[in-house]
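Here is a short report for a reader meeting this structure for the first time. Keep the sequence and the 3D view open while reading.

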Amino acid sequence: MSTATAADWHGPGQRAGARWGFKWSELLWALVFPRTGQRIMPTASGVILISLAMGIGTAAYNTANNILFITLSLLLACLILSGVLAWFNSKGVAWRLQPPPSLRAGQEAMVTLELRNGKKYLPTYGLWFGVVANPVEPPSVPAPRGKKGKERPVREILAAAERNRLRARLFLRGRLDPGATARLEWIFRPVRRGAQKLALESVGSLFPFGFLHKHIGGGLRHEVVVWPAPVEYRRWGATAARPLAAGLRMARAGSGGDLLALRRYEPGDSHRLIHWKASARSRQLLVRQFSAESQEIFALWLQTAADVWTRPEQFELLVGLAATMAEDLFRAGKLGSVAVNDRPPQPIRRVRDFESFLDELAVVQPVAEDNPGSATAHSRPLGEGLRPALGGRKNVITFAPDGMRGVAAYVDGEKTASA
Amino acid sequence: MSMERKRPQLNLDELHQLKWLLGGVLALFSVWTVFYLDVDAWTLLILNTVAILSALIWPGWLALVPVAVHVAAFPVIVTCFAADLWANAQILPAMIRLDLMLILYRSLSYRQRRDDLQLIVLGLFLVVVAGVLTVSLAFAGQILAFTGCALAFLFVITLVDAAEAKDPPVHTPLFSWRLSVATPAWTAHADWPRLFSRLRAVADWRSLTFGGVLFTGVVVLSGLLFLAIPRFQLENSLFLDRFISKKARTGFTDNIKFGDVTDIISDTGLAVSVDISDPTQMPATLYLRMVVMDEYRDGSFRLSAPLRRAAFEREQNVVEVNGTERPRPGAPVYWTFYLESGVSRYLPLPGAFDRLNFRELQNAQFSHSLRVLTLRNEPVTMTAYRVEGVNTSPLLPDAAFAQTLRTTPRDANGEPLRSTRRELALPAGAADQAALRAAVATITGGATLTPEEFARRACEWLDQQHSYSLQSALAPGPGDPLVRWIGGKEPGHCELYAGSFIVLARAAGFPARLISGFKGGTWNGFSNSLTIRNSNAHAWCEIWDGTGAWLRVDPTPGSAPVTRTIDPQGEAALAARLDRSWSARFDSLRIFWYRRIVNFDRGNQLDTLRAVKTATQETGLRVRASLERVVQSLKSWLVSTWDARRIATAAIVLLALAGAGWTVSALFRGWRWRRRRGGDGRRADPARREAGRWLARLREKRTDAEPAATAVWPELERIRYGARATWPELDQVFRRAQKAWRTRRSAKTVAPSR
């Protein structure tokens, strides 16, 4: 169910229903001083038309022939008509970007661009939308080696930025009727984990006659997080998790028999879960939330010491392995808490908690050794920070390099998986 | 929930078919303009028409054309153009034929975007060239039809490009061993009746109306631009009509054989249109002189070479010609002539004049003595010229001829020797001359007559001997044909009457010459202009009156043969020739085209601006004066004595005004409120109505204990009152509302049983 508001919409028709919002002064000023991203370029047919107009105009003035003046007037009127129709076409149109709920590196995701034609009588045709996804922090470029030291860095930086940038054009292929909406989909595959900017760079059109290439600034940006790519790993299976002692249960939402908490009713909740008495007392609908039943609980501790993870590829593999193992454990209901470096462990009770952890993994970077407050594999014993949360029990998964390229996962110091 | 019927859309194949259709129609529009041109391209025109129509109806067969044909097409076309140029040495006709070949090729191949653009440019070339060369009213229709079709074509091209964006274009390699080109998918199911029915289904009256309004706007805007474009002439005179030659259609040349004028008379096409600034100055019977022919030989009259050399000045490139008349006091009367193309290079003139102005530079020769003006070439476009200070008198003084006549050698009787004067020359045969003398004796009765009296009697005699008919036939036999006709009783037309009178006058010793031109015409009641058709072509004579002037004599029955005074003028003369037929309506359009479009120049532009300025000022003055009158009357009403009746009247008026103001204000506020609510007041949004119905049902005894109703309530309110942009999914909300309603009803029915 869409509950978006008008504030999400962009474009000439973002203020739907604001009939008195149009001002001639704004329109005229926009003609003199276009807004950012707005530009008009003649196409091949536009150049032909302009050349024809100039040729016929020259002949008309040379000969004072009114037939040629009529033809010239008609050509100029057609150019003006083209501009007027293009203005009508884009008038009242609004769009909004809907990024996917989750993005994983290496996996396809769908970005939806929703279009709305706010005009009452006229349809809209032939718009295209330039969308781009690029990392917030582009990867660093190695130092130049060529002789032209002054030129190569710029080129290489631009080339590297372009390599990490994903572009696409989404076309409105049919007619968008007055008052109707349409959805354009962009399926793309993020290359790297990390924060990404999803932007609508430009909105363009050749409508109506293809004389002019009209660009309207897109002005839409969304920052999304790309979770690490899942990796394949091998389980060694030597270490089994130690069951928790009686009375030590993880407070996680699940489908167990014990009542964990009450929370507010949300549309879609089963009516059987409504706690009527509590609802009556609190005068709002409350539903029961039950705890998960699990005996094998693990804690995952990711340490990213820069002096340990010196190779970028190996570090990416580490992050991917940590994310994949955490997901597998969460799906199996065995992930109790997670921690990154020396931050306090976070209990994983709900999907939201797990997704927060993936968000953290998406942007995690090697931590320098001299960074105050950071924890390294050498400075503290494995799993020491997680013990208080687990009541002194271990079952802590840590990671260490496995050879030059690989990464191994350890449960209480015993190798349990590798990738 | 779909509240309105969704309008269908054309799919990509149908868009391609529509594009093909519009391209074919555009090509046909273009090539048919050649019909108006006097270019030898009939074979190509017919070939284009047949090929384009067949390709339009059955596009699939084009795939059968071997690729080799496409490879060889361009070199073959260029070779044909070079050969045409070499053979005919006329650049413009060759270019027109080249254009036709290129259009033919583009119409017979599956076009991509650039080919479509080429087709438009090629078509525009033909339309513009045809317009420039004909300057006819048909150009207005052609260019408008072409513009509409081209805009629709470009529109569909843009839709096709948008629909197949990023799809790889069908590319035919330049060299290919394949026997035929790839067939586009859309040709497989090209079904034109189905396409038209789909177009009908897709068409929306709002969009069509909007398109029509916009096209009208384009026409109006181009008209305004035409009026507003600054005019200045570079006087380069490099123009298309120099590159094309054309023969006169009507035969008004300086060598007329009997029957030529009759052929012209059978043509009812428009020849000349005349605007007269003061129509009352037009004579009741208007004669427009074009050619003067002094020499009669071998049964035909012609302008002799010596007279041409003696009478005409050197050819000049001019826009103004000074005549023999002197300016007259009072407001000048302007005669503006619009001579259709192909009539003659001799310009029709009503007589002597003071000044003549062309619209553009012309190579012209003028004869002051003959009052005849000729252009170097036959004009292939409409020629406009304005004459000022016109004298329509039937007497044309000719001091030069009088002087020549005085110095001409004379015979024993004191008469000028015929052998030395072409204006006195008779048919060579002795028997013919004897027959003519006998006829003259019959006419004069042996008396010595003045030229005017002789002319009158000769005309009467001819009228008695013959009857007027366009279907004349000369009796077979030896001798001069005119003398044979004079001696017989056969009917005749104006040429025979005029020619006969001339040889009779010459036989009587009076110099005479033949004049061809136009006589009469109708007064167009719609455009207030004189319309002269080719059927008004006429031949008449001029006889030397012996006192230094040529006197017009029209021996054709139905005319006043001889008169020395100008015919009566005025409104009665106009009313006598008034024409308000449908043909006159069409001609008035043509006159409008000539007056306001073709003949529009900087002077007209300034006049238009002045007219707009004057109209604005006068309107302002009128408004101001009326306001002042209202204020003055109000003041006088206020200062007059007040009594109870006046007070009551004033109170009623004030109350009525206040009530009207309040009503208008309330109506406006209500209208604005409805607009803000998203409806226009005439028809509420069906989704809002539906949400209102559900709100009304669920409102009754609603409590928080009904979770479904509570949950759906704000969303229903949003649909009912909120902005459309914030609406949730309608289907889901109404379904949940229905569910909540059923839940409540089931709860009500269960409750009593507990």
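## Model and confidence

This is a predicted model, in which local features need pLDDT of at least 70, side-chain atom pairs count only at pLDDT 80 or more, and totals for chains, interfaces and linings use all residues. Residues are numbered from 1 along each chain as its sequence is written, while chains are lettered from A and ligands numbered from 1 in the order in which they are written.

The model has an ipTM of 0.73 and a pTM of 0.68. Residues 167-177 of chain B have pLDDT below 50. Beyond near neighbours in sequence, that stretch has eight contacts in the model. Residues 246-250 of chain B also stay under 50. Here the model has 17 contacts beyond four places in sequence. Two residues count as in contact if their C-beta atoms, placed from the backbone, lie within 7 Å.

## Where the chains meet

Chain B gives 55 residues to the contact, and chain A gives 54 residues. On the side of chain B that touches chain A, five helices each supply at least two residues: H5 (113-134), H6 (137-163), H9 (205-228), H18 (582-598) and H22 (707-721). H6(B) gives the largest share, twelve residues. Helices (H or I, at least four residues) and strands (E, at least two) are DSSP runs, numbered from the N terminus.

What classes of residue make up the side of chain B that touches chain A? There are 34 nonpolar, twelve polar and nine charged residues. Ala, Val, Leu, Ile, Met, Phe, Trp, Tyr, Cys and Pro count as nonpolar, Asp, Glu, Lys and Arg as charged, and the others, Gly among them, as polar.

## Two helix pairs

In chain B, helix H2 (residues 42-57) packs with helix H4 (residues 91-107). Their axes are 10 Å apart, at an angle of about 15°. H2(B) and H4(B) are therefore roughly parallel. Angles under 35 degrees count as roughly parallel, over 145 as roughly antiparallel, 65 to 115 as roughly perpendicular and the rest as oblique. Axes are lines fitted to C-alpha atoms, for helices over the stretch in contact, and angles run from 0 to 180 degrees between N-to-C directions. H2(B) contributes residues including Leu44(B), Ala51(B) and Ala55(B), and H4(B) contributes residues including Arg97(B), Leu100(B) and Ser107(B). The contact of H2(B) with H4(B) has ten nonpolar residues, two polar and one charged.

In chain A, the axes of helix H6 (residues 312-331) and helix H7 (residues 351-363) come within 10 Å and cross at roughly 175°. That makes H6(A) roughly antiparallel to H7(A). Val319(A), Ala322(A), Ala323(A), Ala326(A) and Phe330(A) of H6(A) meet Phe354(A), Phe357(A), Leu358(A) and Leu361(A) of H7(A). The contact of H6(A) with H7(A) has nine nonpolar residues, no polar and no charged.

## Sheets

Chain B has an open sheet of five strands, in the order S3-S12-S15-S16-S11, with antiparallel pairing. Two strands pair if DSSP finds at least two bridges between them. Strands S3 (287-293) and S11 (395-397) of chain B are the edges, each pairing on one side only. Neighbouring strands of this sheet are turned by 35° against each other on average, direction ignored. Six bridges link S3(B) with strand S12 (residues 512-519) of chain B. Met293(B) has Leu514(B) as its bridge partner in S12(B). Helix H14 (residues 451-465) of chain B packs on the sheet and touches S15 (537-544) and S16 (549-553) of chain B.

Chain A has an open sheet of three strands, S2-S4-S9, also paired antiparallel. S2 (93-98) and S9 (181-188) of chain A each have a single partner strand, so one side of each is left without a neighbour in the sheet. Six bridges join S2(A) to S4 (residues 109-117) of chain A. Val93(A) is the bridge partner of Asn117(A) in S4(A).

## A hairpin in chain B

Strand S8 (residues 355-367) of chain B pairs antiparallel with S6 (residues 316-322) of chain B over six bridges. S8(B) also pairs with S9 (residues 372-375) of chain B over four bridges. S8(B) and S9(B) form a hairpin with four residues between them. In the turn, Arg371(B) has a positive phi of about 55°.

Note on methods. pLDDT = per-residue confidence, 0-100.
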